[in-house]
Amino acid sequence: MTPPSRPHLRRRTAVLATLPVALATLVGAAGTTMPGKAGASGAGDPYFPLSGNGGYHVRHYDLTLRYDTSARHLDGRAALSARATEDLSRFDLDLKGLKVTRVTVDGAPAAFRRDGQELVVTPRRTLRAGRDFRVTVTYAGTPKPVTDPDGSADGWIPTDDGAFVAGEPQGAMTWFPSNSHPKDTSSYDITVTVPRGRTAVSNGVLLGRRTEHGRTTFRWRETQPMAAYLATVTIGKFDVEQYTTHDGVHVYNAVDPREASAAAPVLKKLPSVLSWESKLFGPYPFRSAGSIVDHANVGYALETQTRPLYDSAPDIGTLVHENAHQWFGDSVALTAWKDIWLNEGFATYAEWLYTEQHGGDSAQKTFDTLYARPAGDHLWAFPPGDPGSGGNIFDTPVYARGAMTLHELRKAVGDRDFFRILRAWTAGHRGGHGTTAQFEALAERISGKRLDGLFHTWLFTKGKPNSA
């Protein structure tokens with residue numbers, strides 16, 4: 001992701017329920033519950049305590065949306081196929097600011113109430129651990145973005161012709177009910193109906209489009225596991241280009257006409273960038289790829305899965321960065337936002353490598369330029385492996401010092417083992433999750449070297465480290 005005002009960096013208001021729990025269980029449905037446990041209202045992440053939820057895993061989202069670009073009104077129906085991981089008498093979904101009119105669990109009406117960004121659902125009967133269930137939520141309203149701890153906006157961001165929908169780290173809850181933490185990854189079917197003349201671009205493969213009665217419906221499918229923050233349904237007036245690469249990856253580019261001339265020479269390089277990254281990081285992890293280039297003035301880009309989202313025409317560095325995330329962050333997901341350097345440090349180092357291998361400065365020179373900054377520079381404000389808060393996770397140290405950590409690793413183990421480590425990381429955790437501790441262990445195993453001192457110095461030590 002790329003944050004406001006810094007190139008290639010990126011980067012709960014609701015009516016509180018006043019009904020007591022006993023009375024709230026009468027809202028929406030009648031029925032009885034058996035002894036069980038309430039699922040946690042968060043996934044346990046200290047940076048975003050209410051993001052995600054406990055007690056279940058969502059296997060699949062089936063979202064059916066209708067958006068009126070003039071009225072900026074969204075109608076939605078979300079069907080979540082999930083599995084209980086403990087006995088659940090009730091559970092939470094993340095949803096902010098939209099009005100819920102009906103909730104069912106396995107087809108039966110369920111009680112529900114709102115508590116800030118939490119939609120609290122009480123099924124008629126306790127969901128036993130290991131049981132598969134389906135929760136369906138019908139909702140509507142005017143979706144709005146959330147303001148992140150660093151002051152930037154994410155989620156459903158209205159534009160002059162539709163919406164720029166970018167969910168990192170907490171914006172998914174602005175447009176669909178979800179278990180919104182990278183710990184929980186799922187497959188998706190997303191159907192979006194918009195006024196004729198608008199295009200709705202989402203993740204994965206376009207299954208079909210149909211226009212009737214002045215509206216066009218787009219059906220998208222992403223079969224690979226995806227964190228909620230990586231989902232998008234960006235809407236606008238777009239020129240669309242589709243083709244298949246020699247590797248069999250289907251490319252779908254959607255470009256706002258106002259950005260077309262500036263974007264064209266960069267997007268033309270996408271197949272070669274993906275081919276180059278595949279050689280370094282291993283096979284491209286998805287069936288589809290592409291770009292969404294909007295005219296949105298949001299101030300950052302995001303690695304939305306299979307189809308990065310840009311608020312204006314990207315430069316080549318941004319294209320390399322966001323597509324490197326398809327391996328680092330999308331295919332291999334985080335378990336905690338504290339480990340965000342595994343996403344942003346790696347994507348930043350991909351930029352350094354691309355520059356090095358395409359006639360520009362060596363990675364060593366880029367490192368040296370950064371390292372020359374004085375000890376009081378913001379680059380050394382906090383260690384990338386321990387940013388300290390959600391307000392820091394898209395700041396310079398995570399990106400630049402995270403990349404510097406990888407360069408120090410490369411120097412310590414040599415190019416052969418370094419690139420073996422990167423490919424083993426993406427292969428071993430493909431479609432799953434990875435932690436900093438696991439990456440450190442992998443690097444030591446492949447290189448045969450003790451690296452704890454290096455990682456401690458560059459990832460977890462405050463201030464400017466001593467360079468090897």
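How many residues does helix H8 have, and how far does H8 reach from its first C-alpha to its last? Helix H8 spans residues 415-428 and has 14 residues. Its reach is 20 Å, close to the 20 Å expected at 1.5 Å a residue. The expected span is 1.5 Å times one less than the number of residues in the helix. Helices (H or I, at least four residues) and strands (E, at least two) are DSSP runs, numbered from the N terminus.

The model is predicted: local features need pLDDT of at least 70, side-chain atom pairs count only at pLDDT 80 or more, and totals for chains, interfaces and linings use all residues. Residues are numbered from 1 along each chain as its sequence is written, and side-chain values use heavy atoms, with hydrogens and water left out.

Helix H8 has buried residues at Asp417, Phe418, Phe419, Ile421, Leu422, Trp425 and Thr426. Buried means under 20% relative accessible area, exposed means over 50%, and partly exposed lies in between (1.4 Å probe, protein chains only). In an α-helix there are 3.6 residues a turn, so residues three or four places apart point the same way. Contact here means heavy atoms within 4.5 Å.

One of these partners, H5, has 17 residues. Helix H5 reaches 23 Å from its first C-alpha to its last, close to the 24 Å expected. Of its 17 residues, 14 are buried, so H5 is largely enclosed by the rest of the structure. Gly359 follows H5 and has a positive phi, near 85°.

Helices H5 and H7 are also linked through side chains. Arg410 forms a salt bridge with Glu356, and their closest N and O atoms are 3.1 Å apart. Because Arg410 lies in H7 and Glu356 in H5, the pair ties together parts that are 54 residues apart in sequence. Arg410 is buried, at 10% relative accessible area. Glu356 is partly exposed, at 24%. A salt bridge is a side-chain nitrogen of Lys or Arg within 4 Å of a carboxyl oxygen of Asp or Glu.

The structure holds 19 salt bridges. Side chains of opposite charge can pair when their charged atoms come close. Arg258 and Asp256 meet in one of these salt bridges, at 2.9 Å from N to O. Arg258 is partly exposed, with a relative accessible area of 41%. Asp256, in contrast, is buried at 1%. Both residues belong to a salt-bridge network that also links Asp160 and Asp161. Asp361 and Lys365 form another salt bridge, with the closest N and O atoms 3.7 Å apart. Asp361 is partly exposed at 40%, and Lys365 is partly exposed at 45%.

Strand pairing was examined around E4. Strand E4 (residues 88-94) is mostly covered, with 6 of its 7 residues buried. Strand E1 (residues 37-38) pairs with E4 in the parallel sense over 2 bridges. Ala38 has Arg90 of E4 as its bridge partner. Strand E8 (residues 118-122) pairs with E4 in the antiparallel sense over 4 bridges. Here Asp94 is partnered by Glu118 of E8. Strands count as paired if DSSP finds at least two bridges between them.

Two buried strand residues illustrate contacts across the sequence. Val103 lies in strand E5 (residues 99-105) and is buried, at 1% relative accessible area. Leaving out residues up to four places away in sequence, Val103 touches Ala108, Pro109, Ala110, Phe112, Val121, Val135, Thr136 and Val137. Val103 and Thr136 are 33 residues apart in sequence, yet their C-alpha atoms are 5.6 Å apart. Thr193 sits in strand E13 (residues 185-195). Thr193 is buried at 13%. Beyond its neighbours within four places in sequence, Thr193 contacts Leu65, Arg66, Tyr67, Arg215, Thr216 and Thr217.

Several loops carry backbone features of note. A cis peptide bond joins Glu168 and Pro169, with omega about 5°. Pro169 is in the loop between strand E12 (162-166) and E13. Arg72 is not a glycine, yet has a positive phi of about 55°. Arg72 lies in the loop between strands E2 (56-68) and E3 (73-84) and is partly exposed, at 35%. Thr306 also has a positive phi, near 75°. Thr306 is in the loop between strands E20 (288-293) and E21 (309-310). Thr306 is buried, at 1% relative accessibility.
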